[in-house]
Amino acid sequence: MNENDFLNVHYQDYQHSREEMYRLLQQRVKNYSLPQALYNDPNLFRVDMEEIFQKEWLFAGMTCEIPARGDYFTIEIGQNPVLIVRDGEGGVQAYHNVCRHRGSRICNQHRGKVANLVCPYHQWTYDLKGNLLYAGSEMGKDFDTKLHGLKKVHCRTAGGFIFISLARHAAPDIEAFLASLAMYMEPYDMESTKVAVETTILEKANWKLVIENNRECYHCAGSHPELLNTLLEWDDTTDPRAPQAFLDHYAQQAAAWDAEGIPHHHVEHGLRNRIVRMPLKQGTKVMTLDGNRGCSRLMGRIKNQELGSMRILHLPNSWNHMQSDHAIVFRVLPVSAQQTLVTTKWLVHKDAVEGVDYDPARLRLVWDATNDQDRVLAEHNQQGINSIGYEPGPYSETYEFGVINFLNWYGEQVMTNMQSSNIDQDQTGNLELVQG
């Protein structure tokens, strides 16, 4: 087999996977779980990565993680290492963590602080704006450093959250959501917070199963005793299951929130993004085991300890709980067709003192337990789906509407992005080049 034959076979296999993905999504039964291959096939996982995780806006981290000039952290989106850094003007920049010389990773630590970005391989040096400052005299007098700056990654911030998109050209429109997020996060002053605890667990399950598990509390009563000490299982203030007692409880709490100027009304931007403030159980303040404060220092301008939990959903990879004294943010990153990293961060006021104002072990207890319980559920789910006995099953429109919404968004977004990819390829002639 010559090189052209090899490329042609490779291209045909690749196209077959994309066509199979499109067919399965187009023909799937609505309100049912997905066909097996969409949960476990490595070739279709590649399409997920290309059409979702390399095109959509992803939650990357928090601005408080890089408070000063030169502070950075790194993140891996599949095989794409990304570097996020605070520049000299206080802005947040994101770059492909790839040297323009021979492609080596530049920053190999999870987080750190630098004056400039220096590739450890051959010491090519970039400033915090990504401009190439030094490449050595050996590159010759005609070498143009201006043509070899770091490749930028789309990056936006709002309310202390950092979002990135690996889209090659224009990233999707996210402005309306960012405006809502900035308004709802204003009381917390997230620039004045810090990460008190961070954990990452590897779940042996497809990323969609991880998100599906989060999007319903149908399983909570049987699986999350620690969480249900404080959490009300209703998905949001519009949940059709919510009884009048809950609505009355919400109205009472909402009056106090209004008095303090704390936003709480349900807002959503399509099926992808949603913000809603939900009360916790009566008599509890935050999501600790006993419902009492996890940190003695409240966040931002907040005075009322009973702010409930402001839930923020951002598909495809994040859900979050904002409370009066601490926040909990979650990030999901696929590793393979059946492996997913789930990172959890607990944030407190930047002046809170560990051991005095908060106990990290107490702060994290509920969600450590819940995360591990969810890991087991997702892994058992994956094991069952891998069986020859699996076939898609029905979701409850009452208890699992959040899952239905997620999969509807996912299916529509993949198909839309695939169609756009095909148009781009036709226009650039890449199809003919790949086929040789």
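Here is a short walk through the structure, from its strands to its rings, a cysteine and its cavities. It is a predicted model, in which local features need pLDDT of at least 70, side-chain atom pairs count only at pLDDT 80 or more, and totals for chains, interfaces and linings use all residues. Residues are numbered from 1 along each chain as its sequence is written, and side-chain values use heavy atoms, with hydrogens and water left out.

Let us begin with strand S17, residues 339-349. Helices (H or I, at least four residues) and strands (E, at least two) are DSSP runs, numbered from the N terminus. In S17, 9 of the 11 residues are buried, so the strand is largely enclosed by the rest of the structure. Buried means under 20% relative accessible area, exposed means over 50%, and partly exposed lies in between, with a 1.4 Å probe and protein chains only.

What does S17 pair with? Strand S11 (residues 193-203) pairs with S17 in the antiparallel sense over 10 bridges, and Val197 stands opposite Trp346 of S17. Strand S16 (residues 327-336) also runs antiparallel to S17, joined by 9 bridges. Here Pro334 has Thr340 in S17 as its bridge partner, and a hairpin of 2 residues leads from S16 to S17. Two strands count as paired if DSSP finds at least two bridges between them.

Another place to look is an open sheet of 3 strands in the order S6-S7-S8, with antiparallel pairing. Its edge strands are S6 (117-118) and S8 (132-134), each pairing on one side only. S6 is joined to S7 (residues 125-126) by 2 bridges, and Val118 stands opposite Thr125 in S7.

Now for the aromatic rings. Rings of Phe, Tyr and Trp (its six-membered ring) pair if their centres lie within 6.5 Å; planes under 30 degrees apart count as stacked, over 60 as edge-to-face and the rest as tilted. By this rule there are 14 aromatic pairs. In one of them, the rings of Tyr218 and Tyr399 have centres 5.2 Å apart and planes at 35°, so the pair is tilted. Tyr218 lies in the loop between helices H5 (207-214) and H6 (220-223), and Tyr399 in the loop between H8 (360-385) and H9 (401-428), so the pair ties together parts that are 181 residues apart in sequence. Tyr399 counts as partly exposed, at 37% relative accessibility. Elsewhere, ring pairs link Phe53, Trp207, Phe406 and Tyr410 into a cluster.

Next, find Cys99 in the loop between strands S4 (92-96) and S5 (111-113). Is Cys99 buried or exposed? With a relative accessible area of 4%, Cys99 is buried. Cys119 is 20 residues away from Cys99 in sequence and 6.5 Å away in space, C-alpha to C-alpha. Leaving out residues up to four places away in sequence, Cys99 touches Ser104, Ile106, Cys119, Trp124 and Tyr126, where contact means heavy atoms within 4.5 Å.

Finally, look inside. On a 1 Å grid over the protein atoms alone, a cavity is a set of points where a 1.4 Å probe fits but cannot get out, and lining residues have an atom within 4 Å of a point. There are 2 cavities of 30 Å³ or more. The largest cavity has a volume of about 430 Å³, the volume being the space filled by probe spheres set on the points. Of its 35 lining residues, the closest to the centre are Asn214, Arg215, Glu216, His321 and Trp367. H8 gives the largest share of this lining, 6 residues.

How values were computed. On a 1 Å grid over the protein atoms alone, a cavity is a set of points where a 1.4 Å probe fits but cannot get out, and a pocket is an open set with protein on both sides within 12 Å along at least five of seven lines; lining residues have an atom within 4 Å of a point.
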